[in-house]
Amino acid sequence: PANAYDLSWSPDSQDLVFGAGNDSSLYRYRLASDSLHRLTRQDGQYTSPVYAPDGKSLAYVRNGRQLDLLDLAKGRVRTLATAAIELPRPLNGSRPLAWSPDSQWVAYLSWGQRMFRNVQAVSIRNGRHIALSQLANTSAQDVLWSPDRIHLLFTTGQRTEASQIAQVSLIDPPPQFREDA
């Protein structure tokens with residue numbers, strides 16, 4: 001219907017979700033049936049859609065300040081978090097969301113005090129929130145969960161300095177003792 005942005009493939013590669021239009025709605029294009037369906041009906045700007053690895057849900061940002069979860073089978077929307085997550089289009093450009101490989105958590109970048117941007121995670125089951133990083137970074141972007149669920153990665157930087165990759169270990173490594181050697 002208009003210029004598309006924020007493309008996201010379904011895990012089975014049969015569907016494509018994207019934002020489009022003056023109203024910044026989300027649409028799902030089904031390749032098998034060559035059909036297009038509007039997913040969002042309420043007013044707002046919808047960005048950064050990401051399919052859950054199991055393909056049952058879609059996480060996205062609404063109006064830059066709300067992390068929503070859409071159950072694709074039932075069509076129900078639930079708010080997972082309210083925070084300063086994304087800048088308005090067209091200023092956004094990073095990938096502020098990432099699903100855990102087991103589809104049980106969504107990690108997201110949000111701005112806090114002094115415009116430091118850090119990683120948070122929210123449980124799909126019970127809505128529990130966890131702060132995963134506390135860096136003094138202003139240019140954090142592109143959060144990514146490792147396939148083994150042990151690490152979370154994102155780029156981080158300060159103003160004009162080159163970005164670096166930050167790694168957050170989600171599981172404490174076993175202690176190593178000299179005596180074991």
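Good morning. I begin with a charged pair: Asp 15 forms a salt bridge with Arg 28, and their closest N and O atoms are 3.9 Å apart. Asp 15 lies in strand S2, residues 15-20, and Arg 28 in strand S3, residues 25-30, so the pair ties together parts that are 13 residues apart in sequence. Please bear in mind throughout that this is a predicted model.

How exposed are these partners? Asp 15 is buried, with a relative accessible area of 6%, and Arg 28 is buried as well, at 12%. Asp 15 also forms a salt bridge with Arg 30, where the closest N and O atoms are 3.0 Å apart. Arg 30, by contrast, is partly exposed, at 32%.

A search of the whole structure finds three salt bridges. One of them joins Arg 149 and Asp 102, at 2.8 Å from N to O. Arg 149 lies in the loop between strands S13 and S14, and Asp 102 in the loop between S9 and S10, so this pair ties together parts that are 47 residues apart in sequence. Through shared partners, Asp 15, Arg 28 and Arg 30 form one network.

Finally, the aromatic rings. The search finds two aromatic pairs. The rings of Phe 18 and Tyr 27 have centres 6.1 Å apart and planes at 25 degrees, so the pair is stacked. Both residues, Phe 18 and Tyr 27, are buried. Thank you.

Terms used. Residues are numbered from 1 along each chain as its sequence is written. This is a predicted model: local features need pLDDT of at least 70, side-chain atom pairs count only at pLDDT 80 or more; totals for chains, interfaces and linings use all residues. Side-chain values use heavy atoms; hydrogens and water are left out. Rings of Phe, Tyr and Trp (its six-membered ring) pair if their centres lie within 6.5 Å; planes under 30 degrees apart count as stacked, over 60 as edge-to-face and the rest as tilted. Buried means under 20% relative accessible area, exposed over 50%, partly exposed in between (1.4 Å probe, protein chains only). A salt bridge is a side-chain nitrogen of Lys or Arg within 4 Å of a carboxyl oxygen of Asp or Glu. Helices (H or I, at least four residues) and strands (E, at least two) are DSSP runs, numbered from the N terminus.
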